[in-house]
4 protein chains.
Amino acid sequence: MFFASDNSGPVHPKVMDRVIAANSGHQMAYGNDDLMDEVRAGIRRVFEAPDAAVYLVATGTAANVLALACYTQPWQTIYCSKIAHIQVDECNAPVFYTGGAQLKLIDTGDKITPEGLEAAIAETPQGDVHSAQRGPVSVTSVTERGTVYALDELKALSAVAKRYDLPVHLDGARFANAMVSLGCTAAEMTWKAGVDVVSFGGTKNGCMGVEAVVFFDPSKAWEFELRRKRAGHLFSKHRYLSAQMAGYLEHDAFKDIAQQANENAGYLIEGLRAKGVQFLHEPQANMLYVNFPRRIHRTLAEAGSRYARHGGLEGPEEEMISCRLVCDWSIGRDQIDAFLGHF
Amino acid sequence: MFFASDNSGPVHPKVMDRVIAANSGHQMAYGNDDLMDEVRAGIRRVFEAPDAAVYLVATGTAANVLALACYTQPWQTIYCSKIAHIQVDECNAPVFYTGGAQLKLIDTGDKITPEGLEAAIAETPQGDVHSAQRGPVSVTSVTERGTVYALDELKALSAVAKRYDLPVHLDGARFANAMVSLGCTAAEMTWKAGVDVVSFGGTKNGCMGVEAVVFFDPSKAWEFELRRKRAGHLFSKHRYLSAQMAGYLEHDAFKDIAQQANENAGYLIEGLRAKGVQFLHEPQANMLYVNFPRRIHRTLAEAGSRYARHGGLEGPEEEMISCRLVCDWSIGRDQIDAFLGHF
Amino acid sequence: MFFASDNSGPVHPKVMDRVIAANSGHQMAYGNDDLMDEVRAGIRRVFEAPDAAVYLVATGTAANVLALACYTQPWQTIYCSKIAHIQVDECNAPVFYTGGAQLKLIDTGDKITPEGLEAAIAETPQGDVHSAQRGPVSVTSVTERGTVYALDELKALSAVAKRYDLPVHLDGARFANAMVSLGCTAAEMTWKAGVDVVSFGGTKNGCMGVEAVVFFDPSKAWEFELRRKRAGHLFSKHRYLSAQMAGYLEHDAFKDIAQQANENAGYLIEGLRAKGVQFLHEPQANMLYVNFPRRIHRTLAEAGSRYARHGGLEGPEEEMISCRLVCDWSIGRDQIDAFLGHF
Amino acid sequence: MFFASDNSGPVHPKVMDRVIAANSGHQMAYGNDDLMDEVRAGIRRVFEAPDAAVYLVATGTAANVLALACYTQPWQTIYCSKIAHIQVDECNAPVFYTGGAQLKLIDTGDKITPEGLEAAIAETPQGDVHSAQRGPVSVTSVTERGTVYALDELKALSAVAKRYDLPVHLDGARFANAMVSLGCTAAEMTWKAGVDVVSFGGTKNGCMGVEAVVFFDPSKAWEFELRRKRAGHLFSKHRYLSAQMAGYLEHDAFKDIAQQANENAGYLIEGLRAKGVQFLHEPQANMLYVNFPRRIHRTLAEAGSRYARHGGLEGPEEEMISCRLVCDWSIGRDQIDAFLGHF
């Protein structure tokens, strides 16, 4: 009954098998391995972007902040949601990597609204040396509350950004889960919707630790390479990053794995709805924010279930305590059933 | 005939098996996995340091610069060799991670001499606000030229550092190769010789991508954790770092792997000596700097051999061209024989 | 009719005379001038703080961000008002100087309330490596809206900060105006109210360009000196900073100058009230935020009056447009009368 | 007998008079003062550069590092002399301002030679992600040893830089002294010799604290403005910087003041030569490096003379101790005679 995160599960066999297969003979280091050619071609195919610059790093933090740093001057502002992962969960990493930029927080719920974005941009005085200057817009989908931006919502945000000539970054730590949920293509969710650079997440979706950073404008390529190296994120035995991503891309495995995770979540959602549990946000992928009485949290805790609970176990039995539940591809129906059995 | 680097070979089965074994079920993320307990205990045992703070990162760059950053103020100077990896091969990473420190380069050959260190420290005015201030001493062993500091040499450097109350960092990207070469213990090569923090390398010695940072003074622990997170070097699926290091430590596998690499190098050295090849430095571990005529480089290149050559293939046949040859554990005697066959 | 800012007026004779007097003979550079001894003693006397560490810089930005940097780690959060000068008007300077800290904005009007501060601190998870960590509290008085924290209000904020073991910084760009308004001592407004470090502003109050940074805990002294030098804010011909501050402190000239500015503002306030002008904040020092019809802004603009107007001259005549009016010591009653004549 | 530095003397009347004259009425802040127009025109006239972007800061450190930062990426290398002021005397300021660049030190004596520069550039691998990348060349004239680059020497350095497409920065803390020494124009010493940006020093040559940064390529203008503000080096009461520079430029006062300083030094040089004193470098402007017995240093110290002595007063009487002697415009012949009287 492990719903703590989609980063707590094992590596999917389709990914692991390629890692094991890669483990023989010698390969050039630092991204010059043969497998990286396969990865580059695979990403360009999936994103229908034959000129895209493609790089691998091992953590989502690195992917996001290295990508953003290529589009942000130290005296600029990054526009993001008040609950954006880069704001809440990265110990100031974006500030470190950009050399001093600030984040401007947009407080419009689980998603940034075009009006909220426009207001935030307008609040940044233009051409006034005293103020931080306008910089990139960073959007997360699947959002940090388990919802997914519709393509029209993404396009509306990009339209605002473009009106002010600002680049758009997509934090796609759960890119595949969002894409499967929307039933769209990777291109539709990115450059066709105005996204300039995307972190295409693998780690949370069945990989060991790999994220692709995809620049649709390859002019940032060399700067990214220097920034990645300078930050210690260029792997010498890079083939093991390539192998993961190769497996992830082969026959679009990333979609199947995400489909499985989303379906697991769907099964859990259905079960919880049947129990009358309250949803704080309408779940659209593999992450749920729900509310139920402390009493049930207690029995779940006793039974060894793990998830992020936003309140302690001490207190009135019937008080509602919210929590986050995340399903990865590997969580079994039996575990979900066991979990539901406590309601 | 792949002598390009010890980071171009495959992962050793003792390490890979643990990675594969770790791939089932759910585990807490971000270093809270069960395997990390085994790793922590293993490192403390190997280093005879029951209070050491132990952390894992995936690259040697990260290990070195995060460790150094915990001991360096932005207005200080890091003392290191003119050929130190942190100076030559890290695209300014130490400057980035320390927030602005400079490196003071000591030009005394493959090793820093105590006199050279003392002179460099003395050259930094003490208590003068105009000058960068004195900071940590960083030593690499195996050195960047394939030699190994004798324990007395290490102690002599630490003695100088301690006289000025400066901390000592050991870049141990090839720690095990040095240790096996010296026939000493890990403790003798570190805290017993005055080292405050060590990067205990795994990647170059048969791992996939893992380095342990070991602080003998655990008071730096929390700062390191924050710096690692802020830099994007905290892995969510941390168990796969732990698993590598667990396999590396189990029954002191790191020693066996290093022994194998050093012996491979020994076989190559013997063969080259028999051919009358000139050694630029006396090789003491698994890395050789040698000199031979362009003519032989040409035949080796044609035969597909890979290594770092410090000169082009065009030019007089008999001109001497130097090169670096590195042996990992996996390089076969047949390959070495084939290589030698071209002399 | 110049109400644009208190940094647009001339230097007060009491300050200028000392600058002129200082201009003869040779003096040691970089803060080792004889006048600095007088300044140090003067600040310690005024603040009743015999152990205070005292430094001069030439701009308010430098004073604030250098002081804050001594109390902030790069992975921490600075708590300040949403309208704090360090947030709104410094082009990310605090982020630059702290090496990467973020500002957490408290949105409780012109002043930070203790409840607002407590909520902001509580929102920062403690001991969670993913989140930015808690850092210093920065308070501005005179506030950016022309109001002044009562001593009890300041103490209440410090009490919250101390409960969480966080340091308190006071941005005193208009320190003297606030002090005169409160009728209190410099000690009461600082260390007696829990302030750890203060930027004691001179520039806006009749100096040419000088601010004292006063640390009540002198343990930060050497770090400040290094940070000041590294930032290019240590003056070689420091005597001209010392001379300004010496004149500013002599016979408590800073109080007289601030008194004059506040009285000028009082005269303007009275006149505007008599005209029925609406005040957005209750002015307590030398800065007013008021609202009046565009029609009057137009006639003032035609007559050459200068001030910060928060709206354009084009539009309906009777629409209310807000503005900021600041009085320095030098603004004459005749100018104020002329200004009022347009209402 | 004050030869410690040209920053220890008083402000020249031609400069001071303009400061005093500027002290009436109100002026727009932050560089929008009327006097700045005069300054901008004056600099463009003096440098024969009608499109130059011109900015004022108060310290030489700020001028140099802000100028360099506009031409340096954090992963690049600044080429400068091993004795460059930016290396030796700025407490890592260039590293701080560039966000992480390193300095590559050229050890060819008081001046960088074209061969030394070329070798240093060539030593930086091109297009190798592991190495710091090539960046700007920074030259100081008057050099840190009192010599002056001939125009041909400057051009030869620029030619090397241009061949590698690298920008050239001139640290002109003693620009006027060098120019007067060469008998050339400001244009000849800068853009006509391939210099892209110059710090045109005022402070050491009779000003209170002002340096002009002159960009011959105005495309860097806005970035400089943002960097200056973000660093706290934009003055609110900017008119007092403008006034100094206006006086400094009027009727080319900067030349007369430098002429006076150089002549004072010439008189001292002649006197010392007559006494048989040994010169470590051939003095070409207003700064001397000389060698004489400890015995004379002692009598000078007893007589209250101030200068930088590179050795203590304790030791053998006849041991040679070197020192630096600097003459500003204000040092009187009587003082020089008194000084010489001790030999």
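In this predicted model, the rule turns up 2 salt bridges across the interface of chain B and chain A. One of them joins the side chains of B:Glu90 and A:Lys229, with N to O at 3.2 Å.

Helices and other elements giving two or more residues to it are α1 (13–21), α3 (60–69), α5 (93–98), α9 (221–230) and α10 (239–249) of chain B. By residue class, the side of chain B that touches chain A splits into 23 nonpolar, 17 polar and 9 charged.

| Interface | Residues in contact | Buried area | Share from carbon and sulfur |
|---|---|---|---|
| chain B and chain A | 49 of chain B, 49 of chain A | about 4300 Å² | 60% |
| chain D and chain A | 17 of chain D, 17 of chain A | about 1600 Å² | 74% |

Between chain D and chain A, the rule finds 0 salt bridges. There are 4 residue pairs in polar contact there, both residues at pLDDT 80 or more. On the chain D side, helix α10 (residues 221–230) gives the most, with 7 residues. The residues of chain D that touch chain A come out as 7 nonpolar, 4 polar and 6 charged.

Methods. Residues are numbered from 1 along each chain as its sequence is written. Chains are lettered from A and ligands numbered from 1 in the order in which they are written. This is a predicted model: local features need pLDDT of at least 70, side-chain atom pairs count only at pLDDT 80 or more; totals for chains, interfaces and linings use all residues. Side-chain values use heavy atoms; hydrogens and water are left out. Contact means heavy atoms within 4.5 Å. Buried area is the accessible area (1.4 Å probe) that two parts lose on being put together, summed over both. A salt bridge is a side-chain nitrogen of Lys or Arg within 4 Å of a carboxyl oxygen of Asp or Glu. A polar contact is a pair of N or O atoms within 3.5 Å; within protein, one must be able to donate a hydrogen and the other to accept it, and residues adjacent in sequence count only if both atoms are side-chain atoms. Helices (H or I, at least four residues) and strands (E, at least two) are DSSP runs, numbered from the N terminus. Ala, Val, Leu, Ile, Met, Phe, Trp, Tyr, Cys and Pro count as nonpolar, Asp, Glu, Lys and Arg as charged, and the others, Gly among them, as polar.
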